[in-house]
Amino acid sequence: MASATEAVLLGARAETSESRTLRRITGMMRRQPLGVFGALVCVGFVFIALAAPLLAPHDPHLFAGPRLSGPSHAFPFGTNNLGQDVLARTIYGAQVSLIVGVASVFLGTVIGSALGLVAAYWGGWIDAVVQRSLEVVASFPGLMLILVVVAALGRPSVARNVNLLTLGWELRVVVIAVGLGFIFGTTRIVRSVALTERHAPYVEAAIACGAGWARIMLRHLLPNVMAYIIVGVSVTLGLAILAEASLSFLGYGVPPGTPAWGTDLSGINRQFFLQAPWLVLAPGGAISLTLLGFNFLGDALRDELDPRLRGR
Amino acid sequence: MQGYILRRLLGIALNLVIVSLVIFLALRLVPQNVAADVLGQNATPEQYHAFNHKYGLDDPAPAQFLRWIGGVLHGDFGRSFRTNARVGVEFRRRFPITLEVVVLSFAFTAVMGVVFGAISALRQNSPLDYGVRLFSIFGLSIPNFLLLTCLLIFPARWWGYAPPFGATDLFKNPSGNLQLYVPATFMLAIGAAATLMRLTRSAFLEVVRQDYVRTARAKGLREGAIVLRHELRNAMLPVLTLMGLQLGALLGGSIILEQVMGLPGLGTWALAAIGVNDYPVVMAVALYAAITVMVINLLVDLSYVALDPRIRLAH
């Protein structure tokens, strides 16, 4: 028995870490075919957003053909009431979704994890203050919170697609509003996991060895909550994209005229939906497919990584 | 029990003061020239002055806040900057519309979510289970504003059908009202029901493997009694938590539904008010949303005790 364990351990050690990671990933891919589909959709979405200027057949802001012409060879997704190419607008729309999604999830996850770790590590009044202030944030229904934050900070004015970073900066209010909503959930999960780890023997051993608070948080607590954070991120990315689209749909996100999936489904465009349903189907299909990809990927990652589901 | 509820209500009251202070400060974070927004750029400085004086905008912020809180305690939510209408009166006029949207969507969410989630778990890996799971992942992925937009467009294109948009009063025109609300609230419920189905399914799968379910079956209880009294009751705890969150979130969803269907409810009111910095309206709706969410949280916590006698309220 002992020698068998030893042999397994030695075998595992002999294997390089790269080939082990590779094997783990191929194992995951075999178990989660839908997750692979989701991952492919997500990769495609990121690629389309990054390569939009190369992929789009026309400038999404400019008059390209006859107004409201149906899908054709020249305009596969038709044109809108300004004669803009709907395909080009749908491709460029991925940029807004990507930048707002990634930036707001990054913001919410980093702040949320930091607050969760701090609250779990220090406890006492710091924990109480963190908890109470998050309760205030959580007492607004999601969309209401986002709208109030946008109202407080002022709506973004004009966003022209110069490049992704400039676009992200122009939309910072939307990023903050959407990201703020994700802090609460992240903090709650990270705090509860870190609380159980906080008094684990290895943490006490580290304290006994003279490790400082920063070292304990980053080297000991953080790796243990990482699986939860990764699962949270994959699910939250879809939610962030949806929140941005909803906000833009209500007219408080991306300024009108900017190619974005939520914006193209709202405002003046709505008057033409009845005669030109491709105006709905192109951005609507794009956002639904993207969310489907993130949901499949998130489900697969949760099944594989969430320690609470391990061994089932 | 009474002591616990009393302490929770006091906590809610305290939280509400903090919440309203936060919204009040947030709305004044970036100075906005409300008078110029409302009166337009061509008004004279005297008119701006009179406007600011009338709504107390020339007072220091703490005085404005105290006056607002004082008014709220007397049931006076102030007047809208834009229309000068009493916020409380307008609120009562619009409230039933939002209430109907929220109640109907919540009913669809709860029934679809729990029933299909439970069936899916009880018949695990059957075609029905796969159907429910497929529906839920698609339901999660299609945004509600897209579903609502399709609801307006495709029946109109195919059959020339449009719902009776004016029928916002349930009691004056019941059949027209339901024609307008039922399909729309059903669409709004799909996304929430999808989430609820998934959670109900996993909660049920956990419960059906428990020893007490086997015991119940071994002692010869009827299947219906096992499902309702033993499985459902134990699976309900996480489900109720999510339902509480979803009921609160439906207040947000109602904004989208009202906007798409053109209903004059609280959602469209708040949305328009945010655009023109009409603070008294924004404050009233935000406060209402916060109260609702907090009361729902309290009710969910109390229902835990009713469902599971092992849970004791913290003293």
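Chain A has a mean pLDDT of 82, with 91% of its residues at 70 or more; pLDDT is the predictor's confidence in each residue, from 0 to 100. This is a predicted model, so local features need pLDDT of at least 70 and side-chain atom pairs count only at pLDDT 80 or more, while totals for chains, interfaces and linings use all residues. Residues are numbered from 1 along each chain as its sequence is written, and chains are lettered from A in the order in which they are written.

Within chain A, confidence is lowest in helix α1 (residues 2–14), at a mean of 53, and highest in α5(A), at 90.

## Chain B at a glance

Chain B has twelve helices and zero strands. Here helices (H or I, at least four residues) and strands (E, at least two) are DSSP runs, numbered from the N terminus. The C-alpha atoms of chain B fill a box of roughly 85 × 60 × 35 Å along the principal axes.

Of the 315 residues in chain B, 35% are buried, meaning that 20 or more other C-beta atoms, placed from the backbone, lie within 10 Å of the residue's own.

## Two helices crossing in chain A

Now look at α5 (residues 86–122) and α9 (residues 172–198) of chain A: their axes come within 6 Å and cross at roughly 35°. Those axes are lines fitted to C-alpha atoms over the stretch in contact, and angles run from 0 to 180 degrees between N-to-C directions. The crossing of α5(A) with α9(A) is right-handed, and the residues of that contact divide into 18 nonpolar, nine polar and two charged.

## Where the chains meet

On chain B, 36 residues are in contact with 30 residues of chain A; a contact means C-beta atoms, placed from the backbone, within 7 Å. Elements giving two or more residues to this side of chain B include α1 (2–27), α10 (223–261) and α12 (279–307) of chain B. By type, that side has 29 nonpolar residues, six polar and one charged.

## The core

The largest nonpolar core has 161 residues, and those touching the most other members are I146(A), V148(A), A270(B), V282(B) and A286(B). Such a core is a set of buried Ala, Val, Leu, Ile, Met, Phe, Trp, Tyr and Cys residues joined through C-beta atoms within 7 Å. The element giving the most to this core is α5(A), with 17 residues.

What does V148(A) touch, leaving aside its neighbours within four places in sequence? The partners of V148(A) are then F140(A), I23(B), A26(B), V282(B) and A286(B).

Technical notes. Contact = placed C-beta atoms within 7 Å. Nonpolar A, V, L, I, M, F, W, Y, C, P; charged D, E, K, R; others polar. Left-handed = near helix turned anticlockwise from the far one by under 90°. Buried ≥ 20, exposed ≤ 12 C-beta atoms within 10 Å, placed from the backbone.
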